[in-house]
Amino acid sequence: MSKLPHIGTSIFTVMSQLANEHQAINLSQGFPNFPIDERLIEIVAKLSKENVHQYTPMSGLPSLLEKIALLTQQSYGRMVNPASEILITAGATEGIFATIQALVQSGEEVVILDPSYDCYEAPILLSNAKPIRVSLHSDFTPNWDAIRAATNKKTRLIIINNPHNPTGKMWSEHDFLQLENLVETHPNLLVLSDEVYEYIRFEQPHISVHHRRKLWDRSISISSFGKSFHITGWKIGYVIAPESIMKEIKKVHQFLVFSVSSMAQHALNAYIDQVDVTEIGRFYQQKRDRFRQLMQATKLELLPCEGTYFQVASYAGISDENDVDFTRRLVTEFGVATIPISTFYANGTDYHCIRFCFAKDDDTLQNATERLMKL
Ligand code: PMP
Ligand code: GLN
């Protein structure tokens, strides 16, 4: 009998496969299609001849852990202990999986805010716990009345994702005040804060759990080098958590992967202090603006995009098909692959919205929008 009877193939795999089959322009799965930083390519070429090919310590290369602590201090003004509060993981996905497996007991509940990224549910189910899916408001801000109503003494975690995939929405000061109140009311509750797009934000500053003194002891943050440095295929990220919580997460990580690719860790160790992370937001802001400007020539209606490299658009003015059918037709008839937003909800939606990834070179964005103009 299946342990995960309702879990199917991820929509990102499905749409990328469909894009390949139909030689469509792939704006579905989130990954950049432009070359990575030349400096990182050179570092990798040089490093491969050095003695960097064996296991690193289980938690990560000590010098990289120290540099992550420094980056965290520079970005958020919080000094964490590199030896006891940071863990380098095989992408954010492994960090999220290890955290949930380590902290959530059988019979407990985890609040997830829909639309939500797809990797949260399986580890909750494998912990024999219950995902409680609470929908965001229709403008994609958190519905605090619904969140409060869904939280009780069995709730072990609330998973937040800011900046938010798929909507590109960011949390406000008000949202963090509400979260702090919630955590204060429920002593068993921890916050799993998925911040993989922390540096991909535009007009508005990103508020991290690391900015919030009241949340320090109760939060686990998740970061991804894949997103920040355009290297999604390297599958490397990190978790930051208070020592007592991190001890438990490390127990799972130890037997899930033990340690993460040594080449990737050594390369990032040589690269990380050459990067100005504030540039990442500026870089993607240009992409977002270009894509939005090109999309003006189509009949799709763009929703606001405050962060991430995703743009949500409504096709309500074009068709009343459901979004799964509509995205299939976009691939097969128009040659552009996107993601239907309803797949990020437990029970679907009728919002008639689709997600585009604009982490693409200018030609790709231009060609895609030319095809979309025919809609
Ligand atoms: N969380 C969110 C919100 C994501 O969009 C992604 C996808 N990249 C991940 C986690 C997983 O990141 P990684 O590729 O580093 O495992
Ligand atoms: N995070 C990527 C996205 O949202 C997908 C990563 C994956 O395919 N697992 O498109």
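**Ligand shells, domains and backbone exceptions**

Of the 15 residues around ligand 1, those that come nearest are Gly91, Ala92, Thr93, Tyr117 and Ser224. The model is a predicted one, and what follows should be read with that in mind. Helix H4, which covers residues 91-103, gives the most to the shell around ligand 1, with three residues. Sorted by class, that shell holds nine polar residues, four nonpolar residues and two charged residues. Ligand 2, for its part, is surrounded by Ser10, Phe12, Gln29, Gly30 and Asn165, and by class its shell has four polar residues, one nonpolar residue and no charged residues.

Proline 166 is found in the loop between strand S5 (155-161) and helix H7 (173-185). A cis peptide bond also runs from aspartate 114 to proline 115, here with omega near 5 degrees, and proline 115 lies in the loop between strand S3 (109-114) and helix H5 (121-126). Such bonds deserve a second look because most peptide bonds are trans, just as most residues other than glycine have a negative phi.

The phi angles have their own exceptions. Asparagine 128, although not a glycine, has a positive phi of about 60 degrees, and its place is in the loop between H5 and strand S4 (130-135). Is asparagine 128 buried or exposed? Asparagine 128 has 12 C-beta neighbours inside 10 Å and therefore counts as exposed, given that the class takes in residues with 12 or fewer. Lysine 235 is likewise not a glycine and has a positive phi of about 50 degrees; the loop that holds lysine 235 runs between helix H8 (225-228) and S8. With 18 other C-beta atoms within 10 Å, lysine 235 is partly exposed, because that class lies between the limits of 12 or fewer for exposed and 20 or more for buried.

The buried residues of H9 are Ile245, Met246, Ile249 and His253. In an α-helix there are 3.6 residues a turn, so residues three or four places apart point the same way. The buried residues of H9 pack against H4, strand S2 (86-89), strand S7 (219-224) and strand S8 (237-240). Just after H9, phenylalanine 258 takes a positive phi of about 65 degrees.

At the level of the whole chain, the division is into domain 1 (11-30 + 277-372) and domain 2 (51-274), whose C-alpha centres lie 26 Å apart. The contact between them takes 21 residues from domain 1 and 23 residues from domain 2. On the side of domain 1 that touches domain 2, helix H11 (278-295) and strand S10 (310-314) each supply at least two residues, and H11 gives the most, with five residues. The residues of this side of domain 1 divide into 13 nonpolar, five polar and three charged.

In an unreviewed entry, UniProt lists residues 24-372 for "domain: Aminotransferase class I/classII large". Over residues 24-372 the chain is 38% helix and 16% strand, and the end C-alpha atoms are 12 Å apart.

Notes:
Residues numbered from 1 in each chain as written. Chains lettered and ligands numbered in written order. Predicted model: local features only at pLDDT ≥ 70, side-chain atom pairs only at ≥ 80, totals over all residues. Near = placed C-beta within 6 Å. Helix = DSSP H or I, 4+ residues; strand = E, 2+ residues; numbered from the N terminus. Nonpolar A, V, L, I, M, F, W, Y, C, P; charged D, E, K, R; others polar. Contact = placed C-beta atoms within 7 Å. Domains from an automatic or database assignment. UniProt positions renumbered as here; feature names shortened; annotations may be inferred.
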